[in-house]
Amino acid sequence: MQNHGIKKIVLAYSGGLDTSAIIPWLKENYGGCDVVACVVDIGQDREDLKGVEQKALRSGASECYVVDAREEFISDYVYPVLQTGALYEGSYLLGTSMARPLIARVLVDVANKVGADALCHGATGKGNDQVRFESTWAALAPHLKVVAPWREWNLRSREALLDYLKERDIPTTASLEKIYSRDENAWHISTEGGVLESPWNAPNKDCWVWTVDPQEAPDQAEQVTVTVKQGKVVAVNGEAMSPFKCLETLNTIGSKHGIGRIDIVENRLVGIKSRGCYETPGGTIMMAALRGVEQLVLDRDSFKWREQLGLEMSYVVYDGRWFAPLRKSLQASAESLAEEVNGEVVLQLYKGQVTAIQKKSQNSLYSEEFATFGEDEVYDHSHAGGFIRLFSLSSRIRALNELKK
């Protein structure tokens, strides 16, 4: 046992195998310090939260805080990112990435409340989450020390962790049979490991948790109406709801149609490529609805700028720079663009696909009079010739110069 000068540590606790082992390990390796467990409810499986306080105390925690942050997660973290249209590497809706800064911030709140002098996470040294946790803590609580057991201990396997708990007579429901590593919150569920470790293996049925196989989804398409105000989903099928309730409703509808499945190999921040299956049914519907209204409302240059914001934001969020000035600056620009993104979209859900089939907005720039292929009285086709001549003027001058040579 070493004395690190740490008296009280707040741990990001899930009740899973890793964090259950971390509690006694901290007490043994950090001078018998107090360990305060903190569980942040962001919409994970309700079964995982049952008895989680007692579980933490049985593992050796002196206290356990359970903080309900479901509404805050969707309204203050997910919705702002949706406004920007961020998709990491073209397809990942950033479910884990958006959750980590919120969890990390709640831990800082608890640490300040209980007078802790250190914070601890159970992220491994191979992943992105260690960066996200610690970058948040650096921005919000640089005075607190950080403990990352996976970078210190010699417990390198699930079997070793189970043996460690057994030796200390600490009960756990975990077993050696767990094949996949999963992360779940209200926005998504991710699955990694098992057969997915080889990119040549197709995912099997066990790789998908929330959504029905699109091939087995209903043969009858379903339509859902989504109302958007200032780039945020505010109602589903005409019923106004909170952000979390909107998502919850769309998750239920989308899951039965196999909406929101992706199977990708992504580039982690630490340089490793990883493969995962992600399910984001409600989020995929929301994204389609927001982009549908944008198509009506944003002019060409504004839409291009919003796409650039989304690309930049995807890296900022993925890399854990939520509390950096750059994220706030990108957000301010996205909010400005979203001021007139108001409207209603009807989306058709059918065997894994979401299609916006009807859209309207009081701020629409779409004009039937100008867009028609029939006869109109508002557009003079002869004007296009002068526009094209000026638009291509530099190309014309370059070609004339070549002829002179």
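Rings of Phe, Tyr and Trp (the six-membered ring for Trp) count as an aromatic pair when their centres lie within 6.5 Å; planes under 30 degrees apart are stacked, over 60 edge-to-face, and the rest tilted. By this rule the count comes to 10 aromatic pairs.

Select Trp 150 and Trp 153. These two form an edge-to-face pair, with 5.4 Å centre to centre and 70° between the planes. Trp 150 is buried at a relative accessible area of 15%, and Trp 153 is buried at 2%. Buried means under 20% relative accessible area, exposed over 50%, and partly exposed in between, using a 1.4 Å probe and protein chains only.

The model is a predicted one, in which local features need pLDDT of at least 70, side-chain atom pairs count only at pLDDT 80 or more, and totals for chains, interfaces and linings use all residues. Residues are numbered from 1 along each chain as its sequence is written, and side-chain values use heavy atoms, with hydrogens and water left out.

Next, select Tyr 88, Tyr 92, Tyr 278, Tyr 315 and Tyr 318. Together they form one aromatic cluster.

Move to Asp 129, in helix 6 (residues 129–140). Helices (H or I, at least four residues) and strands (E, at least two) are DSSP runs numbered from the N terminus. Is Asp 129 buried or exposed? Asp 129 counts as buried, because its relative accessibility is 19%. Show its side chain: there is a polar contact with the side chain of Arg 132 at 2.8 Å and another with the side chain of Arg 100 at 3.0 Å. A polar contact is a pair of N or O atoms within 3.5 Å; within protein, one must be able to donate a hydrogen and the other to accept it, and residues adjacent in sequence count only if both atoms are side-chain atoms. Leaving out residues up to four places away in sequence, Asp 129 touches Thr 96, Arg 100 and Ala 123, where contact means heavy atoms within 4.5 Å.

Now select Glu 177, in the loop between helix 7 (158–167) and strand 6 (180–184). Glu 177 is exposed, with a relative accessible area of 61%.

Finally, show the whole chain. The chain has 14 helices and 14 strands, and its C-alpha trace spans about 85 × 55 × 45 Å along the principal axes. Of its 405 residues, 46% are buried. Among contacts with a separation of 6 or more, 74% join residues 24 or more positions apart.
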